[in-house]
Amino acid sequence: MPETKITRLEKKVEKKVIPQEASIDPATQQMIARAQELKIETVFDRALKMKPCNIGAQGTCCKNCSMGPCRLPLPKSGIDEEDDRKGLCGATPNTIAARNFIRMVAGGAAAHSDHGRGVAEIFLSAAKKETDVYKIKDPGKLLSIAPWFNVETTIEKEGEQVDRDIDEIAVEVGEKALNEWGKSNGELLYLKRAPATLYEKWGANGVRPRNIDREIVEIMHRTHIGVDQDYKNLIKQGTRAAIADGWGGSMMATDLQDVLFGTPYPLESEANLGVMKADHVNIVIHGHEPILSEVIVAVAQSKEMEAYAKSKGAKGIQLSGICCTANEVLQRHGVPLCGTFLQQELAIVTGACDAMVVDIQCIFQNVANVAKCFHTKLITTHPIAKMEQENVIHIEFDEHYALDDAKRIVKIAVDNFCNRGVDVMIPHQKGSQVAGFGVEAIKYHLGGTFRGSYYTLNDNIINGRIRGVAGVVGCNNARTRHNEGHIAIVKELLKNDVLVLTTGCNGIACAMEGLLMPGTASAHCGPGLAEVCETVGIPPVLHMGSCVDNSRILLAATEMVKAGGLGKDISDLPVAGSAPEWMSEKAISIGQYFVASGVYTVFGVTFPTTGAPVFQKYLFEEFENLYGGKWDFEIDPIQHARKMIAHIDKKRQALGINKIRERKMMDMATRRDLETA
Ligand code: SF4
Ligand code: MSK
């Protein structure tokens, strides 16, 4: 292969991060050092060079009008009783922090829900047979969601109920689903999937979303200068929009993707930069929407493309992914994960990335600058996510020509293989994993097809083998050591017999660490959890998918309520949530809908309300009285996990199961006794 000349970034790297301080992962450390050696700047160096704005981090900088920005930092001497900080219009720190907070919710809910809308549009197009690329892959899942959209699955014919045509059902589900974004009356149809007690709670608090778009728009209106100036009323709207995300846009994205592309079931794969192969064409897919990447997977695995790759001197095509597009194609096809959010530049620094194909969300603009230093073709595919740099190729995805688009992209990557330089360095590290635990798969593995529910999980919680369940999710954040919080928190939970459900970049981090393998249970779990995992043959950390798939965690919790013995609402369950290294607005929306669904939720790194103690107290304490869940913030990973465990224990005590430790299968009578205890 001819050597390519490495062009250097114009800007010199003045300060360099110490790789071992930037990440706990040896592959990441190696590639940070490699980037520095090649004088290529990465996010890790930029984080060292640019400190975050303290006032912004506290949530008390307002720039909602041009009389500002008005900056209201916490005084160094602390706040006296009369906190008289004000913006020019008189806005208090609580108003400003609440406005900023719910604008983050709006941003996050919009990102998830607009993704969901895109899926719903493709779904409808497939249902109407306007494209032959996409087809209904899981009719069983379609039938299971149809009733939530008030779509009949049977029809009366000659006095008998017979099955309705599946295509007719699909069209009606697609139309009803799309309507959820902008309907003029009523409330979101999926809200009734929540436990009845929670649904009533939302009604009593006036936060049942009317339609998805409206709740997001209303946040932008209310936070305009001179509109809503009551932090409690502001966060009420933030809650309504967040519920519209979790129980609306995200949940529909998950369901419709499952119907179109298949409901995930456990499969084996690998994770970390070491999945890339020097002798293969490497295509890295990155972003969040599986719509195009599903087709890329099919094309890249086709005999035609494999032969084409071989004709160019490669041994084959290695597809791998970053962020949640990766999680989507992992859970349905076993495509390996190349890395987390913070490893996106490093995948290119390997020198072996022939094409990086990006869609939406979590894509660094700087990947284009890094790509310039190598032969890598960077391809944007979505009309709402373009890049200005001249080396970026835009191939706009059109569902009617999805196959042609995917072929063109894969061909570009293959043709680029021979342009690689001598600068290839792929770390050898990669973890093995078993991923693909949707709600249905957990039901099967823990409940069995015969019992078909979460009984066994609940039984093991009641008898104390499993202490509780934690949802640990979310991003990486360059303001903290890459993956350190994720892994330390998950390990501490496992050690204390807490089963972990994961999504997003936490799932990738756990996969890299090998925590998604059933065999790790004996090494990392307390004796009770280890016994359950070994008996059932599951990993102690169950990877449930992408960011929108946090909706699967909501439904798993709902299944636990339904299975009985653990109370009547999600807030009664011995469960807790965490985003150890969050960074995105989507994480705030996710956190808010978890809290509003009754889950105690702890965030690490930073929390965007610390400059407004009254508003923060409302979120961290008083919120529990309204929804049963509340926020918390803890930087130290071990304390973070222990706070979650303490909450789980508090719930166990309230349920009267804190002392039950011996092996005992619960019959229905015992369950009823516990529920009335
Ligand atoms: Fe300042 Fe008020 Fe304008 Fe915000 S809305 S920038 S607090 S004057
Ligand atoms: S990709 S939102 S960094 S989890 Fe969903 Fe990872 Fe967070 Fe993006």
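## Helix α18, mostly tucked away

Helix α18 (residues 455-462) is largely enclosed by the rest of the structure, because seven of its eight residues are buried. Here, buried means under 20% relative accessible area, exposed means over 50%, and partly exposed is in between (1.4 Å probe, protein chains only). The buried residues are Thr 456, Leu 457, Asn 458, Asp 459, Asn 460, Ile 461 and Ile 462. After α18 comes Gly 464, with a positive phi near 90 degrees. Helices are DSSP runs of H or I with at least four residues, strands are runs of E with at least two, and both are numbered from the N terminus.

This is a predicted model, where local features need pLDDT of at least 70 and side-chain atom pairs count only at pLDDT 80 or more, while totals for chains, interfaces and linings use all residues. Residues are numbered from 1 along each chain as its sequence is written, chains are lettered from A and ligands numbered from 1 in the order in which they are written, and side-chain values use heavy atoms, with hydrogens and water left out.

α5 has 35 residues and reaches 50 Å from its first C-alpha to its last, close to the 51 Å expected at 1.5 Å a residue. That expected span is 1.5 Å times one less than the number of residues in the helix. With 28 of its 35 residues buried, α5 is largely enclosed by the rest of the structure. Lys 129 follows α5, and its phi is positive, near 60 degrees.

Helix α23 (residues 550-563) has 14 residues and spans 20 Å from first to last C-alpha, close to the 20 Å expected. α23 is mostly covered too, with 13 of its 14 residues buried. Gly 564 comes after α23 and has a positive phi near 90 degrees.

## Salt bridges

Side chains of opposite charge can pair when their charged atoms come close. Searching the whole structure turns up 51 salt bridges, each a side-chain nitrogen of Lys or Arg within 4 Å of a carboxyl oxygen of Asp or Glu. Glu 180 pairs with Lys 183, with 2.7 Å between the closest N and O atoms, and both residues are buried.

Glu 218 and Arg 240 form another salt bridge, at 3.6 Å from N to O. Glu 218 sits in helix α9 (residues 212-222) and Arg 240 in helix α10 (residues 231-261), so this pair ties together parts that are 22 residues apart in sequence. Glu 218 is buried at 16% relative accessible area, and Arg 240 is buried at 11%.

Then there's Lys 491 with Glu 513, at 3.0 Å from N to O. Lys 491 is in helix α19 (residues 484-495) and Glu 513 is in the loop between α20 (504-512) and α21 (521-524), so the pair links parts that are 22 residues apart in sequence. Lys 491 is partly exposed at 27% relative accessibility, as is Glu 513 at 36%.

## A salt-bridge network

Some charged residues join up in a network of salt bridges: Lys 141, Arg 193, Asp 255, Asp 258, Glu 328, Arg 332, Glu 440, Asp 549 and Arg 552.

## A negative patch

Asp 80, Glu 81, Glu 82 and Asp 84 form a negative surface patch. Patches take residues with over 30% relative accessible area and no salt bridge, joining like charges within 9 Å and nonpolar side chains (Val, Leu, Ile, Met, Phe, Trp, Tyr) within 5 Å. Asp and Glu count as negative, Lys and Arg as positive, and His and the chain ends are not counted. A charge is placed at NZ of Lys, CZ of Arg, CG of Asp or CD of Glu. Asp 80 lies in the loop between β2 (70-71) and α5 (93-127), and is exposed at 53% relative accessible area.

Key: Areas by Shrake-Rupley, 256 points an atom, 1.4 Å probe, with all protein chains shown as cover.
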